[in-house]
Amino acid sequence: MNSPDSETSSAARRGYAGPAILSHGFRPFFLGAGIWAATVVALWLAILTGRLELSSAFDPMVWHAHEMLFGFVAAAIAGFLLTAIPNWTGRLPVRGWRLGLLFALWCAGRAASGFSASIGPGPAAALDLAFLTAFAGLVLREIVAGGDRRNLPIAAIIALLAVSNLLVHLEALGLAPTARLGLRLGMADVAFLLTLVGGRIVPSFTRNWLAKRGEAVLPAPFGRLDRLAIAASAAAGLAWSFAPEAGVTGALALLAAAAIAARLARWRGHRTLAEPLVWVLHLGYGWLVAGFALLGASVFFSALDPTAALHALTAGAMGTMMLAVMTRATLGHTGRRLSAGPGTTAIYGLVSLAVLARVLAPLMSGSAPILLGLSGFSWIAAFGLFVALYGPLLARPRRTG
C-alpha cells in the first residue's frame, strides 16, 4: 500500500476548480466523522440522563451503536479509502459533485436513522443503506478499473459492512431479530479492516520515521506471524458475530490477541515516543490486542462484563486509529509538516482518557457513573478539538510552497 500522506500527483489536482471541501474524499468525510463522533456521544449522554428522546425506530442502545459504527466509523473509512485508492490505482480521485452526492447520502442516512420512527423504518432503511451500498460499488469499480487485484478484499469488507447495516435495519422493519448480529458483524468487519490495513500503514510509517532518524533496526517485514494475526482476527470476528458466548469464540479471540500483540511488538513502537503522530498508531493498534483479549476472557469468566471488550475494540481501536489516520492524512494532504503539535497531542490524550474510562466503567461498578461521564466528556472534547483544529484545514485549499 502506498502512503496516503500526500496528494496523488500534481496531475491529479489539475482540472478541478470547485470548492476545496469537495476536492478529495478525506475533506468532507473526515470533517463529518469528527462532528458526528462528538454529536452522537453528546446525544447519547442526553438520552441516558432522560433529557432527550429520539424519534428513532431503533432501540436507544442500538441507535447509539449503529451511529458510532455506520455513521462515524464508516465516514472515517470512506475518507481514508477515497484518498488512498487513487494512490493504489493511479486513477483520479472522486471529487466535485460525485463526492458531494456521496457525502449527502451519508448525511441523509444519519438523519433517517434518528427520525426513522417519524418517516417510517422502510424509507429510513432505504436512505441509510444507500450510502454504504453506493460506496461499496464505488470502491469495487475503482479497484477493478485500476487493475489493483491486491486490494479487492477491501471492496469485500465494505460490502460486508453494508450487509451488517442491513441486518440492523431488518429488526426495525420487523422482519428478523438481527440487530445485534448486524452490530457484532459490523464491528468484527471493521476490526478485521484495522488488522489488515493497520498492519500495512503502522509499520510503514514507523519505518519511514525511524529511517529518517538513522535507526539501524527497523520494523520487521511481513511474514508468517502477520498472516496468522490476520487469519485469527477474521476467525475470531466471525465466531463472535454468530456465537458470542461459545468456548471456541473465546479461544479464537485470545489467539487473535496474542498474535496481534506479537505482531505489534515487532514494529519498534517504543522507539517512536518522540513523535505522537507515529506512536498513536501503535496505541490504536494496541487496543485491538486489549479488545480481543477482553473478548476472549469474558467468554470464560462470566464476572467480566463483555461491554469492556466492546468499547476496547470500538472506542479504543476504532476511535484511536480513526483519529490517528484523520490527523496524519489531513496534515499531509494539506501541505503541513507531518508532526503533531500540542493541540494534536491533546486530541490523542483526550481520546485515550475517554477509552480508558469507558473500558474501566463496567469493571468498577462503584465508580461507573463518574467514569461514564468522564469518558463521554473526554470523547466529545477530543473530537471537538479535532474539528476546531482540523476543520479549517479541511475546508481550505492545499497550502503550496
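1. In this predicted model, the largest pocket has a volume of about 1000 Å³. It is lined by 37 residues, and those closest to its centre are Met-61, Met-187, Thr-307, Leu-310 and His-311.

2. Which elements give two or more residues to the lining of this largest pocket? They are α2 (26-48), α3 (60-89), α8 (179-212), α11 (276-300), α12 (306-333), α13 (342-360) and α14 (368-395). The largest share comes from α3, with 8 residues. By class, the lining of the largest pocket comprises 26 nonpolar, 7 polar and 4 charged residues.

3. The largest cavity contains about 180 Å³ of space. Of its 14 lining residues, Phe-80, Leu-194, Val-197, Met-322 and Val-325 are the closest to the centre.

4. The lining of the largest cavity draws at least two residues from each of α3, α8 and α12. Helix α8 gives the most, with 5 residues. In composition, this lining has 13 nonpolar residues, 1 polar residue and no charged residues.

5. The second largest cavity holds about 50 Å³ of space. Its lining is made up of Leu-81, Leu-82, Ile-85, Pro-86, Leu-92, Pro-93, Val-94, Leu-138 and Glu-142. The division by class is 8 nonpolar, no polar and 1 charged.

6. How are α2 and α3 packed against each other? Their axes lie 8 Å apart, at an angle of about 165°. Angles over 145 degrees count as roughly antiparallel, and α2 is therefore roughly antiparallel to α3. The crossing of the two helices, α2 and α3, is left-handed. The residues of their contact divide into 21 nonpolar, 4 polar and 1 charged.

7. Leu-183 belongs to helix α8. Is Leu-183 buried or exposed? Its relative accessibility is 6%, and Leu-183 therefore counts as buried, the cut-off for this class being under 20%. Between Leu-183 and Ser-55 there are 128 residues of separation in sequence, and the C-alpha to C-alpha distance is 20 Å.

Technical notes. Residues numbered from 1 in each chain as written. Predicted model: local features only at pLDDT ≥ 70, side-chain atom pairs only at ≥ 80, totals over all residues. Heavy atoms only, no water. 1 Å grid on protein atoms, 1.4 Å probe; cavity = no way out; pocket = protein on both sides within 12 Å on 5 of 7 lines; lining within 4 Å. Points joined across faces, edges and corners; volume = space filled by probe spheres on them. Helix = DSSP H or I, 4+ residues; strand = E, 2+ residues; numbered from the N terminus. Nonpolar A, V, L, I, M, F, W, Y, C, P; charged D, E, K, R; others polar. Axes fitted to C-alpha atoms, helices over the stretch in contact; angles between N-to-C directions. Parallel < 35°, antiparallel > 145°, perpendicular 65-115°, else oblique. Left-handed = near helix turned anticlockwise from the far one by under 90°. Buried < 20%, exposed > 50% of the residue type's maximum accessible area, 1.4 Å probe, protein only.
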